[in-house]
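Here are a few friendly notes to read alongside the structure. Keep the 3D view open and look up each part as you reach it.

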Amino acid sequence: MALSSGAATAILSRRRPVARNLSGLQWLALLAALVAALPLSGIVVTALSGPGAAIPLHDLLRYAWTSAWLAVLVGFITATLGTTAAWIVVMQRFPGHSFFCWALALPLAAPAFALAYAYADLFDPAGDLRLWMRGSLGFDLPFEIRSIGGAALVLSCAFYPYVYLAMRAAFLGQSVSALESARMLGCSPRQTFFRAALPLARPALAAGVALAVMETLADYGAAQFLAVQTLTTGVVRSWSVFGSPAGAAQLAVPLLGAAALLLWVERSARRGRSHDAAQIQPRPLAIEQLHGARAAGATMFCGLLLTLGLLLPAGWLLASALAHSPDLPRLAQAALNSLSMGAAGALVTTGLALALALGAARLPLAVRIASLGYATPGAAIAIGLLVPAALVWRIVPAGAAFWVGLCLLVCAYAARLMAAALEPIDAGMARVTPSMIWAGRTLGRSEMGAAFFVQVPIARASLLTAGLIVFIDVLKELPATLILRPFNFDTLAVIANNYALDERLGQAGLPSLLIILLALPPTIWLSRKIAAARPGT
Amino acid sequence: MTLPRSPVIAASAVSKRYAGAPAVQEASLALRAGRITCLLGPSGCGKTTLLRIIAGLERADEGEIRAENRIIEARNVFVPPEARRIGFVFQDLALFPHLSVLNNVAFGLRALGREERRSRAMTLLERFHLADRADAWPHSLSGGEQQRVAIARALAPGPAALLLDEPFSGLDGDLRAQVRDFVLSGLRESAAAVLVVTHDPEEAMLLGDELVLMARGRIVQSGTPEECYFRPRSAAAARLLGRANLVPAMVTGGVASCAFGMFPAGGFGNGPAVAMLRPDALQLEPCGIAAEVIDVRFGGSHYEVRLRAQGQEAVMHLGKEPPTPGEEVRIGIEPSRAALLPQEVAAD
């Protein structure tokens, strides 16, 4: 019965909607897609408009090589850490299990540059730790934090939660019978993991790693501070130091290409995942209760991840911040700016994502454009917006410049984060069957009316989720804000970056900490919500 | 004898194709106020598509639909579903999970004031014996209750016509019959013209004042349940309403004769034809035709007896005292349950 009604729904949803022209909802979706498409096309236009090669080819190749190498390292490390953590948390019970379930996602509250500041300071060759080690222990770490390897470690600590969350969902939803079949066919528990569970979860692994790599390519603050010259740092530098938007855009084009590739990987992985989600057995997984050394090991592993991703860097930043007297008025203004931009970005982005969710059924390209925006680094998005910005600047009166600048910045956030907001909204809308919308229509509502009185109220919880995700990401955002912000408009991320570039790390600590403090409550709320959800609900 | 009122909904020659494959072909039907029409056909015959076209959830490629003498669908006319005054009950019911039972029913009443909405919705809930569940959430109701809420909700705005798509398919056995009787009386109280889509022949005949039979996108017959059951116009129509033995027959001088007996041929001219014998048209008759019993099965309310006579096979229903396989019985035909079909439509 369930099967046949599901099939009927699938058939209904495939039927074409009534209106043959674009409806009001579809125009709104088109507008949302336009916001996402504007900076993407801006990148290409700017890159082509400049002098033949504003950036020497060998520089571009060097940056690209560094970016690629960093992406591979981070991909490998996050895959290992995230998968191990997810497997332990899903399949085993140990002290602290229910805490780590959600707490392992908390490093998402910390911007990668905050981790970079803390670890660079902690492992500085002239820092207290290394001095003490050389003095008391008589040896030094064979390790330079300001290197590709160091940056990869720092970014992996920041981004492993993307893999952890994807793999946790996959392991929770995995087929019990597949695991049992493997055991019956002679696999040990270890072999069962490597030969059945892991291959089954490959789509989720690809999707999670793709997200971590997207973030790696998008990172500016950490790489810049650790003196690793990637394409993204190159984009910001060629704009801010050399004043060359064309050069910046030429560096952004390969990033756009990489984004498209990662997006393709993530999307095709997702298709695979939804495919076997249909075959889930509703039987509980065989959970193993750990004792003794193994239990302690599991707790320590999870604790170490959380410490490296959040507690240690936040603690170190706190310690170094306490040693300096802060510029309180400047901090307060920046915190207010960050909160306002976070709120404005969340409202606008969620609104546009809602428009996409409601109206894009016949405009699949609109959703793809929004996804490409998500995969594209913020620095590239900002450079892409410079061309349309120049057109706008020409027509607005000087007095309005400040507000127009803020609007552009919100546009950049929306273009970058619309797809991130779209995902939970789409999941919420999945509760609305096509016939519920049709029922609204036959009960006298227009298409727009059915959208707002049926679809939106049913999916309203997901709007909050979407808004919070955008809010957290805007708080942590650095490069786009750096490029597009109006003169003298500082967010917490911007002043942290300014202090850090002046090597005033103690001062940079406090704004970074404030970002973590502001982002932590919504992150806790979101990760607890994800941890409580069962697969398929 | 009441005056023939003009139909509330009149569809004429409606056609629809999906990706080139015809779903509905030149379908015409009329729905009258206060009458229940059942649209019966096998899965995938296009009946749901026809229903959705009438409701405005789907556009027709050809044809015209009038509602209360106003054109609502034609080549250049399309009245959107919200302006058609047609209620729809979906197969999956589509109750709004975010609204209470009362607010589900009141959803379509936004033209009214707050108090009036509430009282109108309560009136409907009372009619469907749901008043005590007014503040419940849809997911906490039983299947039968959900069913009734869906119908009350569709009736609330006072539609001129109500369309129900397989309304009882989610319910089983006894409950299904109960809900059906219950809904029938609720529907009778509203003056709406009602169209019920179903693939269950028994349900269609019990529920419908009129039947419309559909097969492969075409309407093959319409009329009262008795007409359709006893006087099918084709083999396809005959089979839709239940088991039918189709046996070659010869008409001579107003009498049809076949392997299992003879019966009056009505207006049929002399020549070959096909006899349509329902299983209960065959009866034991001491001086009837001899037939061999091939198989006997027990079916609850009757025994199903498979017979062979003159190389033809047929199924007979017997109430009691079944013969044993291999036995020879003598049988005849009850004329009121037999019909003749022209040879060319018997092949459908």
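1. Which domains does the domain assignment give for chain B? There are two entries to find: domain 1 covers residues 9-240, and domain 2 covers residues 245-346. Please keep in mind as you look that this is a predicted model.

2. Now see how the domains of chain B sit relative to one another. The C-alpha centres of domain 1 and domain 2 of chain B are 37 Å apart. Where they meet, seven residues of domain 1 of chain B are in contact with eight residues of domain 2 of chain B. On the domain 1 side of that contact, you will find four nonpolar residues, one polar residue and two charged ones.

3. Next, step back and take in chain B as a whole. Its C-alpha atoms fill a box of roughly 75 × 45 × 45 Å along the principal axes. The secondary structure of chain B consists of nine helices and 20 strands. Of the 348 residues in chain B, 43% are buried.

4. How do contacts in chain B relate to the sequence? Take the contacts between residues at least 6 apart in sequence: 66% of these join residues at least 24 apart.

5. In which sense do strand E3 (residues 36-40) and strand E9 (residues 193-198) of chain B pair, parallel or antiparallel? They pair in the parallel sense, over five bridges. To find your place, look for B:Thr37, which stands opposite B:Leu195 in E9 of chain B.

6. Finally, turn to where the two chains touch. The contact takes 21 residues from chain B and 20 residues from chain A. Strand E7 (residues 86-89) of chain B gives the largest share of chain B's side, with three residues. The chain B side of the contact with chain A divides into 12 nonpolar, five polar and four charged residues.

Key
Residues are numbered from 1 along each chain as its sequence is written. Chains are lettered from A and ligands numbered from 1 in the order in which they are written. This is a predicted model: local features need pLDDT of at least 70, side-chain atom pairs count only at pLDDT 80 or more; totals for chains, interfaces and linings use all residues. Domain bounds come from an automatic or database domain assignment. Two residues are in contact if their C-beta atoms, placed from the backbone, lie within 7 Å. Ala, Val, Leu, Ile, Met, Phe, Trp, Tyr, Cys and Pro count as nonpolar, Asp, Glu, Lys and Arg as charged, and the others, Gly among them, as polar. Helices (H or I, at least four residues) and strands (E, at least two) are DSSP runs, numbered from the N terminus. A residue is buried if 20 or more other C-beta atoms lie within 10 Å of its own, exposed if 12 or fewer, and partly exposed in between; C-beta atoms are placed from the backbone. Two strands pair if DSSP finds at least two bridges between them.
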